[in-house]
Amino acid sequence: MASANYILNEILDAPFDAVHPTKRLRGIPAGKVKVPYLWWLMVGLIVGAFALCALFKFNWGYQASLALLLLSGWCTMCPPSA
């Protein structure tokens with residue numbers, strides 16, 4: 001789940017990284033990585049995290065913690081209110 005959140009953060013930061021002197025060389029701002037593939041990878045990681053949780057029969061508390069970690073990552077998409 002943390003990797004999925006990291007991918008989301010990289011996608012959202014790409015426009016700002018594009019104007020940064022050193023971060024502009026990263027994969028997304030430099031155009032080396034195609035963003036649609038990253039969206040699919042992120043979805044796969046999320047599904048995989050919950051599938052592994054179900055496969056190993058972890059309790060609902062563990063699934064809730066995965067969901068909260070996912071939610072915390074998605075909250076980065078919400079712009080702060082001014």
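## Exercises on salt bridges, helices and the core

The side chains of Arg 26 and Glu 10 form a salt bridge (3.5 Å, N to O), that is, a side-chain nitrogen of Lys or Arg lies within 4 Å of a carboxyl oxygen of Asp or Glu. The structure is a predicted model, in which local features need pLDDT of at least 70 and side-chain atom pairs count only at pLDDT 80 or more, while totals for chains, interfaces and linings use all residues. Residues are numbered from 1 along each chain as its sequence is written, and side-chain values use heavy atoms, with hydrogens and water left out.

### Exercise 1

Determine how many salt bridges there are by this rule, and state which residues are linked in a network of salt bridges.

*Solution.* 

Step 1. The count comes to two salt bridges. Arg 26 and Glu 10 supply one of them, at 3.5 Å from N to O. Arg 26 lies in the loop between α1 and α2, whereas Glu 10 lies in helix α1, so this pair ties together parts that are 16 residues apart in sequence. Helices are DSSP runs (H or I, at least four residues), numbered from the N terminus.

Step 2. Arg 26 also meets Asp 17 in a salt bridge, side chain to side chain, at 3.6 Å from N to O. Glu 10, Asp 17 and Arg 26 are therefore linked in a network of salt bridges.

Step 3. Glu 10 is buried at 15%, and Arg 26 is partly exposed at 35%. Asp 17, which is placed in helix α1, is buried with a relative accessible area of 5%.

Step 4. Contact means heavy atoms within 4.5 Å. Not counting residues up to four places away in sequence, Asp 17 touches Glu 10, Lys 23, Arg 24, Arg 26 and Pro 29.

### Exercise 2

Identify which residues of α2 are buried and which are exposed on its other side.

*Solution.* 

Step 1. α2 has 21 residues and reaches 30 Å from its first C-alpha to its last, close to the 30 Å expected at 1.5 Å a residue. The expected span is 1.5 Å times one less than the number of residues in the helix.

Step 2. The buried residues of α2 are Leu 38, Met 42, Ile 46, Ala 49 and Cys 53. Seen down the axis of α2, they fall within an arc of 80°, so they line one face of the helix. The arc is that of the directions from the helix axis to the C-beta atoms. An α-helix has 3.6 residues a turn, so residues three or four places apart point the same way.

Step 3. On the other side of α2, Pro 36, Tyr 37, Trp 40, Val 47 and Leu 55 are exposed. The cover over the buried residues of α2 includes α1 and α3.

Step 4. Just after α2, Lys 57 takes a positive phi of about 55°.

### Exercise 3

Describe which residues of α3 are buried and what covers them.

*Solution.* 

Step 1. Helix α3 (residues 60-74) has 15 residues and reaches 21 Å from its first C-alpha to its last, close to the 21 Å expected.

Step 2. Gln 63, Leu 66, Leu 70 and Gly 73 are buried in α3. Down the axis of α3, these buried residues fall within an arc of 80°, so they line one face of the helix. Trp 60 and Leu 68 are exposed on the other side of α3.

Step 3. The cover over the buried residues of α3 includes α1 (2-17) and α2 (35-55). Leu 70, for which neighbours up to four places away in sequence are not counted, touches Met 1, Asn 5, Ile 46 and Phe 50.

### Exercise 4

State how many residues the largest nonpolar core has, and which have the most contacts inside it.

*Solution.* 

Step 1. A nonpolar core is a set of buried Ala, Val, Leu, Ile, Met, Phe, Trp, Tyr and Cys residues joined through side-chain atoms within 4.5 Å. The largest one has 14 residues, and those with the most contacts inside it are Met 1, Met 42 and Ile 46. α1, α2 and α3 each supply at least two residues of this core.

Step 2. Leaving aside neighbours within four places in sequence, Met 42 is in contact with Ala 4, Ile 7, Leu 8 and Trp 74.

Step 3. Ala 4 is placed in helix α1 and counts as buried at 1% relative accessibility. Ala 4 and Trp 74 are 70 residues apart in sequence and 9.9 Å apart in space, C-alpha to C-alpha.

Notes: Buried means under 20% relative accessible area, exposed over 50%, partly exposed in between (1.4 Å probe, protein chains only).
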